[in-house]
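These are my notebook entries on one structure. I set down what I looked up, entry by entry, with the cut-offs beside each term.

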Number of protein chains: 2
Amino acid sequence: MKQYDHPPIEDFDLIAVLHALADPYRLSVVRKLAIAQPQPCAPLQGGRPKSSTSHHFMVLRKAGVVYTEIIGTTHMNRLRDAELNSRFPGLLEAVLKAVEKEPLEGCENVPR
Amino acid sequence: MKQYDHPPIEDFDLIAVLHALADPYRLSVVRKLAIAQPQPCAPLQGGRPKSSTSHHFMVLRKAGVVYTEIIGTTHMNRLRDAELNSRFPGLLEAVLKAVEKEPLEGCENVPR
DNA sequence: TCAATAGTTCGAATATAGTCGAACTATTGA
DNA sequence: TCAATAGTTCGACTATATTCGAACTATTGA
């Protein structure tokens, strides 16, 4: 069962993390994973072709934002929130909090 | 004395702020302003041509990261840190903290 | 009034990123 | 063994960003 390479914490680069988060689609993925983890890619596609989704997940993985475990045919994604927080304390939390009141496609009916 | 338009807090957009910060040169400007405010553009150029500097300052201003006041012939820049913090609590602080141990060109000899 | 200063604007060139269809790979379950 | 599933890779295209020189504007101080 082949797995992805994920950067170790000490290789996390702030510019790469900020860039990874500075895209509406990728930010929505991060928000959804923050609500429910882990998740396969499929339910997070949001109407996009698989190749685009795959590209964005690669950006998230390379930055260290997402960890993907291959289980059978599905790729299970989770946030590397603890690692991110140990390297860049408060960053992910601040980002998630910054958009928590904004609508999140696919989660319109989630009660608060 | 003509002045710039700066977006009001309620128009701040997280994606734009993250994008503004996700560039090495712009992040260095933000770090330098966090150390000493306000400053004109000139000492922050870092060897770049003026047109590039001007472009990056425009990105920072449009995102709401930097406030520029025109005083005579110099454009004095400061961080909109309080406003940023009221809109996106903890974000700027987390970003600055994330890189505080990294070298900052032009500040190599600052004692700690 | 005029030169110097500080920074902008323009336009073109280059680089980086995002999008998408089509072909591909690995795994599972029948 | 074979079809279905989940996602990747490739290559081409488009869009967005960055870079830079050159010409420009506004203000000041001599």
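**Entry 1. The interface of the two protein chains**

I looked for salt bridges across the interface of chain B and chain A, and the rule finds 0; a salt bridge here is a side-chain nitrogen of Lys or Arg within 4 Å of a carboxyl oxygen of Asp or Glu. I then noted which elements form the side of chain B that touches chain A: α1 (14–21), α2 (24–35) and α5 (91–98) of chain B each supply at least two residues. Helices (H or I, at least four residues) and strands (E, at least two) are DSSP runs, numbered from the N terminus. The greatest share comes from α1(B), with 5 residues. By class, this side of chain B holds 14 nonpolar, 2 polar and 3 charged residues. For these classes, Ala, Val, Leu, Ile, Met, Phe, Trp, Tyr, Cys and Pro count as nonpolar, Asp, Glu, Lys and Arg as charged, and the others, Gly among them, as polar.

Next I recorded the extent of the interface. In chain B, 19 residues are in contact with 19 residues of chain A, where contact means heavy atoms within 4.5 Å. The area buried between chain B and chain A is about 1,400 Å², and carbon and sulfur atoms give 82% of it. B:Leu14, B:Ile15 and B:Leu18 supply 32% of the area that chain B buries against chain A, more than any other three residues. Buried area is the accessible area (1.4 Å probe) that two parts lose on being put together, summed over both.

**Entry 2. How the model is to be read**

I note that this is a predicted model, in which local features need pLDDT of at least 70 and side-chain atom pairs count only at pLDDT 80 or more, while totals for chains, interfaces and linings use all residues. Residues are numbered from 1 along each chain as its sequence is written, chains are lettered from A and ligands numbered from 1 in the order in which they are written, and side-chain values use heavy atoms, with hydrogens and water left out.

**Entry 3. DNA strand C**

Which residues are closest to DNA strand C? I found 23 residues around DNA strand C, and the closest are A:Ser51, A:His56, B:Tyr4, B:Lys50 and B:Ser54; a residue is near a strand if one of its heavy atoms lies within 4 Å of it. Of the atoms of DNA strand C that come within 4 Å of the protein, sugar and phosphate account for 64%.

For the side chain of A:His56, the distance from an N or O atom is 2.5 Å. At B:Cys41 a polar backbone atom is 2.9 Å from a phosphate oxygen.

The surface near DNA strand C has 6 nonpolar, 12 polar and 5 charged residues. At least two residues of this surface come from each of α3 (50–63) of chain A, α3 (50–63) of chain B and β3 (74–79) of chain B.

**Entry 4. DNA strand D**

Around DNA strand D I again read 23 residues, with A:Tyr4, A:Lys50, A:Ser54, B:Ser51 and B:His56 nearest. Sugar and phosphate account for 65% of the atoms of DNA strand D that come within 4 Å of the protein. A polar side-chain atom of B:Ser51 lies 3.0 Å from a base oxygen of DNA strand D. A:His75 has a polar side-chain atom 3.0 Å from a sugar or linking oxygen.

**Entry 5. The sheet of chain A**

In chain A, 3 strands form an open sheet in the order β1-β3-β2, with antiparallel pairing. β1 (39–40) and β2 (66–71) of chain A stand at the edges with a single partner strand each, so one side of each has no neighbour in the sheet. Two strands pair if DSSP finds at least two bridges between them.

Terms used:
Polar contact = N/O pair within 3.5 Å; in protein donor to acceptor, adjacent residues only side chain to side chain.
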